[in-house]
Amino acid sequence: MAYKRQIDRLPIPPADAKVHNVTCHYCIVGCGYKAYTWPRNKQGTLKNNAFGIDLSEQQPAEGTWVAPSMYNVVKQNGQDVHLVVVPDQDCVVNSGLGSIRGARMAENRPSDVTGTQEQRLTDPLVWRYGTWQPTSWDDALDLVARVTARVITEGSEDDLVVSMFDHGGSAGGYENTWGTGKLYFQSMKVKNCRIHNRPAYNSEVHSSRDMGVGEL
């Protein structure tokens with residue numbers, strides 16, 4: 001991310017940093033992570049740190065180390081604190097491995113200090129006049145309602161199709177987000193969906209590649 005280019009060092013969590021057990025929220029697998037927070041005016045040392053390891057030595061690829069994407073400065077109890085989120089070595093799900101999404105959980109937290117707040121959506125976006133335009137929730141929902149009503153009026157409810165990807169975001173599992181999944185499949189009772197990378201409505205289609213049926 002732009003605000004972290006050319007960074008050459010990161011603060012070290014002190015031995016008394018607060019430790020929180022967290023779960024990656026990007027899918028349903030449940031990979032475990034450790035989140036460390038501590039005051040901005042404090043730092044650990046190479047040999048005395050929250051990880052309990054000697055950071056002056058080269059760490060293995062699957063060891064405990066911090067990349068820029070695993071670090072941020074966030075608010076905790078109204079105060080700016082350092083935040084580091086690293087894969088949990090003791091978690092039976094991921095055994096210390098981090099996904100490209102889970103390993104960025106710290107980086108994706110809102111922060112007025114590092115600028116991540118500016119990269120978060122605060123309003124719905126609608127494609128108008130050749131670009132994404134911010135709009136109100138009332139306008140966005142009205143647009144969805146009008147398009148939906150037009151499709152049903154000119155055809156039937158079976159003509160409604162949701163285009164999405166599986167293994168989606170924010171613990172939604174298969175839907176892009178939990179909110180849109182609830183809207184389309186529970187409230188609107190949409191029966192049809194198009195998943196761009198799987199030939200069926202589940203996270204993995206077993207042996208499909210062996211049968212010559214690749215991702216769509």
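How many aromatic pairs does the structure hold? The structure holds two aromatic pairs, where rings of Phe, Tyr and Trp (its six-membered ring) pair if their centres lie within 6.5 Å. The model is predicted, local features need pLDDT of at least 70, side-chain atom pairs count only at pLDDT 80 or more, and totals for chains, interfaces and linings use all residues. Residues are numbered from 1 along each chain as its sequence is written, and side-chain values use heavy atoms, with hydrogens and water left out.

**View 1. The protein chain with its helices and strands.** The protein chain contains two helices and eight strands (DSSP runs numbered from the N terminus: helices are H or I with at least four residues, strands are E with at least two). Their order along the sequence is β-β-β-β-β-β-α-β-α-β. Of the 216 residues, 32% are buried (buried is under 20% relative accessible area, exposed over 50%, partly exposed in between, with a 1.4 Å probe and protein chains only). Among contacts with a separation of 6 or more, 57% join residues 24 or more positions apart; a contact means heavy atoms within 4.5 Å. The accessible surface comes to about 13,900 Å², and 52% of this belongs to carbon and sulfur atoms (Shrake-Rupley method, 1.4 Å probe; for residues, only the protein chains shown count as cover).

**View 2. The aromatic pair of Tyr36 and Phe51.** The two rings are edge-to-face, 5.2 Å centre to centre with 90° between the planes (planes under 30 degrees apart count as stacked, over 60 as edge-to-face and the rest as tilted). Tyr36 belongs to strand β2 (residues 32-39) and Phe51 to the loop between β2 and β3 (71-76), so the pair ties together parts 15 residues apart in sequence. Tyr36 is buried at 9% relative accessible area, and Phe51 is buried at 15%.

**View 3. The aromatic pair of Trp127 and Trp132.** The ring centres of Trp127 and Trp132 are 5.3 Å apart and the planes stand at 75°, so this pair is edge-to-face. Trp127 is exposed, with 53% relative accessibility. Trp132 is exposed as well, with 51%.

**View 4. A nonpolar surface patch.** Leu121, Leu125, Trp127 and Trp132 make a nonpolar patch of about 510 Å² (patch residues have over 30% relative accessible area and no salt bridge; like charges are joined within 9 Å, and nonpolar side chains, namely Val, Leu, Ile, Met, Phe, Trp and Tyr, within 5 Å). A salt bridge is a side-chain nitrogen of Lys or Arg within 4 Å of a carboxyl oxygen of Asp or Glu. Leu125 sits in strand β5 (residues 125-128) and is partly exposed at 37% relative accessible area.
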